[in-house]
Amino acid sequence: MFILLLGAPGSGKGTQGKILAERLGLPKITTGDILRAAVKSGTALGLEAKKFMDGGKLVPDTVILSLIKEELAKPEAAQGAIFDGFPRTAAQAALVDATLGERGQRLNHIVLLDVPEEELIRRMTGRAAQEGRSDDTPDAIKTRLQVYQRDTAPLVAHYAERGIVHRVPGIGAVDDIATEIKRVIGR
Ligand code: ADP
């Protein structure tokens with residue numbers, strides 16, 4: 001089973017993805033974590049990605065598409081995975097759809113975490129103080145929210161046509177949100 005967690009930055013995809021991956025015994029593929037690790041270890045990918053990430057812009061598809069291909073080809077993702085942070089553009093969605101399609105698979109569920117913008121800003125600003133992420137600055141947060149609306153939110157309509165989008169309110173207790181996700185995907 002392939003599940004995509006979709007939602008604005010700060011909507012809780014990482015937290016809920018971890019719970020879901022553990023419960024279903026599936027690997028979680030998180031492009032943001034992969035990119036941050038690359039930045040930290042100073043690889044060519046990391047050096048390129050950092051230029052975009054710090055400002056809250058998307059890393060270009062020319063870079064991300066090959067990363068996604070590599071991740072999907074890993075044996076642990078052969079039977080299913082939780083996708084956190086991708087696909088995030090139409091081109092990424094097309095690649096995911098095509099790659100899974102060639103394998104006779106498809107995205108089974110899209111969980112859309114719905115959180116009001118004031119709350120997203122509050123969470124990211126709070127996280128900046130705790131985790132020191134270089135893109136949790138006020139300007140980068142603003143850009144990330146705009147980029148989400150412009151490039152990623154349209155994917156909801158793309159997947160909604162297939163009837164696989166479940167909109168889940170992302171405010172309240174972490175456990176309650178996890179229970180609601182379990183209910184909507186039926187396992
Ligand atoms: P958030 O969604 O909270 O902003 P992520 O960890 O998902 O956090 O992403 C952080 C940054 O990493 C993004 O702003 C972007 O620069 C980069 N990034 C992560 N995933 C992708 C992706 N699929 N395509 C392009 N850029 C990405």
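Mentor: One term before we start: contact here means heavy atoms within 4.5 Å. Also keep in mind that this is a predicted model.
Trainee: Got it. What do the buried residues of H9 pack against?
Mentor: They pack against strands S1 (2-7), S4 (109-114) and S5 (165-169), along with helix H1 (13-24).
Trainee: And which residues of H9 are buried?
Mentor: Ile177, Ala178, Ile181, Val184 and Ile185 are buried. Looking down the axis of H9, these buried residues fall within an arc of 125°, so they line one face of the helix.
Trainee: What sits on the face turned away from the buried side of H9?
Mentor: That face carries exposed residues: Asp175, Asp176, Thr179 and Arg183. Just after H9, Gly186 has a positive phi of about 75°.
Trainee: Switching topic, how is the protein chain split into domains?
Mentor: The domain assignment gives domain 1 (2-27 + 81-185) and domain 2 (30-73).
Trainee: How much area is buried between domain 1 and domain 2?
Mentor: About 1,600 Å², with carbon and sulfur atoms giving 63% of that area. Phe86, Gln92 and Leu95 supply 29% of what domain 1 buries against domain 2, more than any other three residues.
Trainee: How many salt bridges are there between domain 1 and domain 2?
Mentor: The count is 0. As for contacts, 20 residues of domain 1 touch 16 residues of domain 2.

Methods:
Residues numbered from 1 in each chain as written. Predicted model: local features only at pLDDT ≥ 70, side-chain atom pairs only at ≥ 80, totals over all residues. Heavy atoms only, no water. Buried < 20%, exposed > 50% of the residue type's maximum accessible area, 1.4 Å probe, protein only. Helix = DSSP H or I, 4+ residues; strand = E, 2+ residues; numbered from the N terminus. Arc of directions from axis to C-beta. Domains from an automatic or database assignment. Buried area = accessible area lost by both parts, 1.4 Å probe. Salt bridge = Lys/Arg side-chain N within 4 Å of Asp/Glu carboxyl O.
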